[in-house]
Amino acid sequence: MEFKAKKIVDLQTEVAEVANELLNAAVSFHKLHLKVTGQGSFAQHKGLNEIYDSLPESGDDLVEQYQGAAEKIITIPDKVPKTLSTIKEGIAYANELKQMITNLQSKLPYSEIINSLDETKATLNSLKYKLLFLS
């Protein structure tokens, strides 16, 4: 019984950390959005705008859906957003976020939350497409 309780606490912590990262990523991508200039910057600007608009909702949805499914309130950590200086860093961060989400999905027992997180990964893929190929 003790092992099961630890797994639940670990999962709650991971959900909170991923949610926090999604919320912070919106700030990171927004600041990068304000830095882009030069050829291809319109596509970069638009792609970053779309992602920073959607990530807060994704983080909020993750917490609300998990709390409803698990019937537990979780505590979101207070961490500083990552600083992104280049589009290359933005692409690497999008990949990092996708991997964090995939890792969390592999542990979640709630298919509805897994499916919701797939939408977030799809949005990150769209961002990467714009940053990589429309610049």
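With which residue does K82 form a salt bridge, and how far apart are the closest N and O atoms?

Tutor: K82 forms a salt bridge with E96, and the closest N and O atoms of the two are 3.0 Å apart; the term stands for a side-chain nitrogen of Lys or Arg within 4 Å of a carboxyl oxygen of Asp or Glu. The model is predicted, and local features therefore need pLDDT of at least 70, side-chain atom pairs count only at pLDDT 80 or more, and totals for chains, interfaces and linings use all residues. Residues are numbered from 1 along each chain as its sequence is written, and side-chain values use heavy atoms, with hydrogens and water left out.

The pair links distant parts of the chain, since K82 sits in the loop between helix 2 and helix 3 while E96 belongs to helix 3, 14 residues away; helices here are DSSP runs of H or I with at least four residues, numbered from the N terminus. K82 counts as partly exposed at 33% relative accessibility, and E96 is likewise partly exposed, with a relative accessible area of 35%, where buried means under 20%, exposed over 50% and partly exposed in between (1.4 Å probe, protein chains only).

Not counting residues up to four places away in sequence, P81 touches N24, V27 and S28, contact being heavy atoms within 4.5 Å. The C-alpha atoms of P81 and F29 are separated by 9.7 Å, although the two residues are 52 apart along the chain.

F29 leads on to the aromatic residues. Rings of Phe, Tyr and Trp (its six-membered ring) pair if their centres lie within 6.5 Å, with planes under 30 degrees apart counted as stacked, over 60 as edge-to-face and the rest as tilted; by this rule there are three aromatic pairs. One of them joins F29 and Y93, whose ring centres are 5.4 Å apart and whose planes stand at 35°, so the pair is tilted. This pair also links distant parts of the chain, F29 lying in helix 1 (residues 2-33) and Y93 in helix 3 (residues 87-105), 64 residues apart. F29 is buried at 0% relative accessibility, and Y93 is buried at 1%.

F29 is also among the residues that touch the most other members of the largest nonpolar core, which has 34 residues; such a core is a set of buried Ala, Val, Leu, Ile, Met, Phe, Trp, Tyr and Cys residues joined through side-chain atoms within 4.5 Å. Helix 1, helix 2 (41-70), helix 3 and helix 4 each give two or more residues to this core, and helix 1 gives the most, with ten.

To return to the salt bridges, the structure holds four of them. Another is formed by the side chains of K107 and E14, at 2.7 Å from N to O; because K107 lies in the loop between helix 3 and helix 4 and E14 in helix 1, the pair ties together parts that are 93 residues apart in sequence. Here K107 is partly exposed at 47% relative accessibility, whereas E14 is buried at 17%. The side chains of E50 and K130 meet in a further bridge, at 2.4 Å from N to O, which links helix 2 with helix 4 across 80 residues; E50 is partly exposed at 39%, whereas K130 is buried at 15%.
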